[in-house]
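Please look at the model first.

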Amino acid sequence: MPDNSLSSRPPVRRTPRTFITALLVFGVVVPSIIIRELIEGAMGSGPLADLGWIAVPMAATAWLAPRASYRRRDALWWLAGGFGLYIFVVIAWRVAFLPYRDWPPRPDEASRIRWLCDRQQAGLWYLSGGAK
């Protein structure tokens, strides 16, 4: 498929997007809870268990962030408590909608993005090529 052509699939609707977002969030949070329990069982509760709990979500956030117009360093918000979970839910919501976008592009993405004007996709952005 050429870089500037639209995706063969239409944008997902709200219900499938919510389901995909929930799968992404549960797929990251549940393993992190299991890792915390394993660390607590082996070494007791403490800072290592706390850091072990956020290792998986931080890695997932850093990996998915550029695809959702966030920076990789936004994964550090997991160290600030519940705000990391909020950032990850927003990233998961955006990733569930790709390759279409309903958020404005970052300045470094502007050269690769197109504003869609046809009836079915009006008001959406489409990013040609992959995220860097």
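Helix 1 and helix 2 are roughly antiparallel to each other, a label given to angles over 145 degrees, with under 35 roughly parallel, 65 to 115 roughly perpendicular and the rest oblique. This is a predicted model, in which local features need pLDDT of at least 70 and side-chain atom pairs count only at pLDDT 80 or more, while totals for chains, interfaces and linings use all residues. Residues are numbered from 1 along each chain as its sequence is written, and side-chain values use heavy atoms, leaving out hydrogens and water.

**Helix 1 and helix 2**

- Helix 1 spans residues 14-43, and its axis comes within 8 Å of that of helix 2, crossing at roughly 155 degrees.
- Helices here are DSSP runs (H or I, at least four residues), numbered from the N terminus; axes are lines fitted to C-alpha atoms over the stretch in contact, with angles from 0 to 180 degrees between N-to-C directions.
- In contact (heavy atoms within 4.5 Å) are residues of helix 1 including Val28, Arg36, Glu40 and Met43, and residues of helix 2 including Leu48, Asp50, Trp53 and Ala60.
- By class, this contact has 11 nonpolar, 2 polar and 3 charged residues, where Ala, Val, Leu, Ile, Met, Phe, Trp, Tyr, Cys and Pro count as nonpolar, Asp, Glu, Lys and Arg as charged, and the others, Gly among them, as polar.

**Helix 2 and helix 3**

- The axes of helix 2 and helix 3 are 10 Å apart, at an angle of about 45 degrees, and the two helices are therefore oblique to each other.
- Helix 2 passes helix 3 in a left-handed crossing.
- From helix 2, Ala60, Thr61 and Leu64 meet Ile87, Phe88, Ile91 and Val95 of helix 3; this contact has 6 nonpolar, 1 polar and no charged residues.

**The loop between helix 2 and helix 3**

- Aspartate 74 lies in the loop between helix 2 (47-64) and helix 3 (83-95).
- Aspartate 74 counts as buried because its relative accessibility is 6%; buried means under 20% relative accessible area, exposed over 50% and partly exposed in between, with a 1.4 Å probe and protein chains only.
- Not counting residues up to four places away in sequence, aspartate 74 touches Thr61 and Ile87.
- Alanine 75, in the loop between helix 2 and helix 3, is buried with a relative accessible area of 5%.
- With residues up to four places away in sequence not counted, alanine 75 touches Met58, Thr61 and Ala62.
- Alanine 75 and proline 57 are 18 residues apart along the chain, with their C-alpha atoms separated by 8.0 Å.

Note on methods:
Left-handed = near helix turned anticlockwise from the far one by under 90°.
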